[in-house]
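Reader: Please take a close look at one part of this model, the place where the two chains touch, and then set it in its surroundings.

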Amino acid sequence: MAWHFRQAAEAEGKPREVESRILIAWLIRWLYPMKLQTILLIVVALISLSINVVSPYVSKLLIDEGIMHGDLDAIIRYVLILIAIAIGGWFLGFTRGFLSGRINQKLLYNMRSNVFRHMEEMDISHVNVERTGKLISLITNDISAIGDVTTSGTIEVMIGSLTLVGSLYVMFSMHLTLSLATISVVPLMLMVSRYLAIRTRKAYRLTREKLSELTSNVEQSVSGSRVSQSFAERRNIDVASFDRLSNETMKVNLRARIVFAMIQPSLDAVRTLSYVILIVYGGNLVASGEISIGVLIAFYGYADMFYRPIITLTTFYSTLQAALAATERVYLFLKIKPTVVEPKEAKWVEIKVGRIELKNIYFDYDGNTVFQGLNFKVEPGEIVAVVGPTGAGKTTLTNLIMRLYDPKSGEVLIDGHNVKEFSFESLRGQVSLVPQEPVLFNDTVLENIRLGNPKASDEEVRQVVSELGLDDLIQGLPQKYETVISPGGGNISLGQRQLISFARAMLKNPKILILDEATSSLDSYTESLLQKAMVKLMKDRTCIIVAHRLSTVKLAHRIVFLENGRIVEEGTHEDLLSKRGAYAKLYELQFGVAPEIRSKSKNSHKT
Amino acid sequence: MPNNPKHPFRRILSYVIQEKGLFSGVLILILTGTLMNIVSPIIAGRVVDITMVKASSDLWLYALAIIALTLSSGGVSFIREYLSGVMSQKVVYRIRISIYKHLQDLSYSFYDKVDAGQIISRVTRDTENIGGLLGFALPNLLGSIITLAIVIIILVTTNFRLALLALAITPFIAIVSLSFNRFVRPLFEKIWKEISGMSMIIQETASGFKVLKTLGIEGEMFKRFEQKNREIYNMGLRTVSLSSLTWPSLGLIVGIGSAVIYWYGGFQVVAEEITLGQLVTFTMYLGMLVWPIMSIGFVLSRYAEAMVSARKIFEVLDTEPEVKEQPGALELKCVKGAVRFENVTFGYDIDKPVLKGMSFEVRPGEKIALVGATGSGKSTIIKLIPRFYDPQGGRILIDDVDIRNVKITSLRRNIGIVHQDIFLFPISIRENIAYGKPSATQEEVEKAAKAARIHDFIVSLPEGYNTVVGERGVTLSGGQRQRIAIARALLVNPSILILDDSTSSVDAETEKEIYESLKELIKGKTVFIVTQRLSTLKLSERIIVIEDGKVVEDGPHEELMRKGGVYARLYMSQYASQEVEN
């Protein structure tokens, strides 16, 4: 799963199109189902915040009233309070982590479900092999990146900021000018932290970009290893370019390292400044007896409280940016609306006879005109072969009947009902389409066939297989029905996949069968199995076959020759051959050896 | 695969040792940095005591000391971080290059067995893990150990009883740290596994989207997805309950620990056994004990992770290429193109021979078609010619030289091959065609493209030859891809051209045109064509029929037809329907 790594590396990047405000508002809406938990979390967070703020003050009391006065009872009293605070803090901390984690997990869960559901509802033009990597990254990486920030992150930051306010209050109530002196470094700290945040983000992005480049370089050379090994000159070129790239990666990483290495010392330096102020000014105050030593020690504690949320904010900033970038991708994806949608009052329309009619169809694809007023009709029980050059619109025709696309204008009718009236279930439950490239899922052969009709029993599956004459094929597989198809289906041959895909279509017992024949050539044994199965599959059904094989064409009652989205010829095989038109020419080309064979094979019979 | 008995860590150290200077520099900086950190609680304690005796004039001195200390320790930490970064990045770089070079040398049999994603993560993620170990985790570990040791010594020597109280918390911190690594980390790994299972469902859904829709199995797929989703959720919850215990527990331990120290130390202060400043120093040291103990736990798990990565990396590096160049191999000059198989036996799996004593001879310039049922071994034959695999028995000669005695690059330079599964790189079409000869001129590229009957299509694209193929560019049909691959093979102008079922997705008309235009280009070259389409066979002068790993028939089309053997039967069966009609 090579794409995965590259996608992961690409997660960060590019400026955003949607404003942060909108994205955050959108994210908050995802918290609605967890309203109560969220409110509870905020309450818990507020309580633990006040405890945080109180504890340095208790230390102050301990020192001033206990230790400095030599009051042993007071020492024990405040120590017990400190222990109570620690236990309370533990409990609250745990509750906080637990709640925010739960909310987080639930949100991730809901979002993944939603995105997957949405993906299933998309038009087929939106989802394809090319986009697989992006889709996976969307559901795995992006959503995970969002999760942390929306709950724990946001609430941490919130608490951090409130802690600031709380400690300010306590500090000011203890001593005004010392407080002012302590917080005088805050602007500097904010500036430094903001600067570092920006530098970090830039550095981080650069390293991600380089890593992504490096990853796709490796991906290319691994997936293309067979090709590159076939070309002798490639090795040196490839090694050199990889060397250059890893060198660059190293340099970018080191540059980022400089920024990262700067963070701790710079923030420490600023913090020290506030300590120095405390020591010199505060120490003098203590020395002159204006404040107690306890106050000074408490101020240390509060200065620390200032320091921590600011650091959190610094690191949070880049996480937040990455999360918002991820949010935007999910947001934009969910905004894409499918155009082919089920009618509002979707109903089960029974296909009784299986008459298909396409009336005056106009259809564009990717800006290219495919059909301009196509009319096409198939009678119940008729077998029609559609032939023609690549790009003539053969597959599009079948896609329109299955309502994978809607025509720009014109109507697709089945038994006189517009396909738009059908519920998806009724249309696709009664019409079977066997695609050109058979697709099997990573599951057993049995389950793969059963996908044609999830309600079918094992027995029914076996029966269909027998009817199609495929028992031998299944018996020939390593674990028979239980053979697990490897991802991508590589462990069985194309022909076998095709046959399983036939069984799947048959299991549906469709009124109408649409078959897009595979172009790739098969060996003659599989070919003959396929041929026999096809004949059985087509029996008593209305069939449209996008045909590439002569043998298939001959099974058809009628042949339709499609070119540039128009029907240019129509009739039986013999009719069309005698016409000497486009079909005859194609036939000649494809089976150009035919006349010769005839004579030769006769010869061979004689010898 | 020879087993290298050395522990992976020692092998990584051998890379580190190449950076001796950097390595010792980092060590020294860790030591000085740690010492500097340890001084600051002492200063803080002194400050408290000074303010108590109201000798405020000395405060400036301490303030200056603190500033100096912060700046210098900041400087040290900066340099240390940077140098350890340089060291680890250099090691990462070196490991990467050696894996990459090794990957280039590994044979087909290696790529047959492994998953591309796995190899990619060897070069990226696994090397980064090692980089993380060297650049962050190990320096951290050393720093932690030194800090712990020194802090404990200081505590124990200054105030033994108070020290015992302070140290009483360390086992608890260790327990928290260990249990986090023990219970929470494995959960993360499980979640990661489930996520890749989920990715596969998404991938299947996306790549089989049309089938999904036409079968109407959206609900079925969603159910599968939800199952994974729910498992991830449940495991996430478990992680949450465990990990949300970790931090608060640490807070609790430190909180109680310092309260107890205040209590006992407070009594000591009252009894004037110690000063308040010393008490403050003590509580600060208590805080300094937490991180090192925690980080030792983290480092250990990072170490384990990095070792898993290292093992995987070395596994690749220790894999010997099956096809190896002989020492003193000769340079194969421009060949005439005679190919001879002498009793060649070969199986991808040694127990399941595919070729069982294959012998045939091809004269320079001959056009050969290899015919046979699926699994008969015809594709295997042509993979042996460029030495993608080596036969287990017999030998293969080109121009009467055993191909095992020549340099692999010089052998492959003479052979152009179009594979059955076409792979194009996600680069421009031009670069794809010129892949084997990046220095090719535009004329050469166009000439090859014209011969492969793809030029017109390419120029019809808005960006012409600069159009990028794949995810970020155009999606090409199977036939277009095949034609580009043919152009790619033609461009290097090989003496031997191999077309492995290379026009299966091209429509009949174009296929005919391709062969027409090839005629001129392949004059004098030896050509092997593996095909299922009989119309293609007419172009070859001689047909070799393979059955069950052996040559069963060999001769021109007419001769074999007359013979009425395997070939004739095969031929007839494909035209069976036609026969019926006539």
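Author: What follows starts at the contact between the chains and then moves to the parts around it.

This is a predicted model, in which local features need pLDDT of at least 70 and side-chain atom pairs count only at pLDDT 80 or more, while totals for chains, interfaces and linings use all residues. Residues are numbered from 1 along each chain as its sequence is written, and chains are lettered from A and ligands numbered from 1 in the order in which they are written.

The contact takes 134 residues from chain B and 133 residues from chain A; two residues are in contact if their C-beta atoms, placed from the backbone, lie within 7 Å. On chain B, helix α9 (residues 218–270) gives the most to the side that touches chain A, with 29 residues. Helices here are DSSP runs of H or I with at least four residues, strands are runs of E with at least two, and both are numbered from the N terminus. That side of chain B divides into 68 nonpolar, 45 polar and 21 charged residues. Ala, Val, Leu, Ile, Met, Phe, Trp, Tyr, Cys and Pro count as nonpolar, Asp, Glu, Lys and Arg as charged, and the others, Gly among them, as polar.

Another helix of chain B is α7 (residues 170–207). Its 38 residues should span 56 Å at 1.5 Å a residue, and its end C-alpha atoms are 54 Å apart, which agrees; the expected span is 1.5 Å times one less than the number of residues. A kink of about 30° in α7(B) is centred on B:Asn181, the bend being the angle between axes fitted to the seven residues ending there and the seven starting there.

By an automatic or database domain assignment, chain B has domain 1 (1–158 + 294–324), domain 2 (160–273) and domain 3 (335–414 + 529–582). The centres of domain 1 and domain 3 of chain B, taken over C-alpha atoms, are separated by 57 Å. Their contact takes 6 residues from domain 1 of chain B and 6 residues from domain 3 of chain B.

An open sheet of 4 strands in chain A has the order β2-β1-β4-β5, with antiparallel pairing; two strands pair if DSSP finds at least two bridges between them. Its edge strands are β2 (368–378) and β5 (417–418) of chain A, each pairing on one side only. Strand β1 (residues 356–365) and strand β4 (residues 409–414) of chain A pair in the antiparallel sense over 5 bridges. A:Tyr362 stands opposite A:Ser409 in β4(A).
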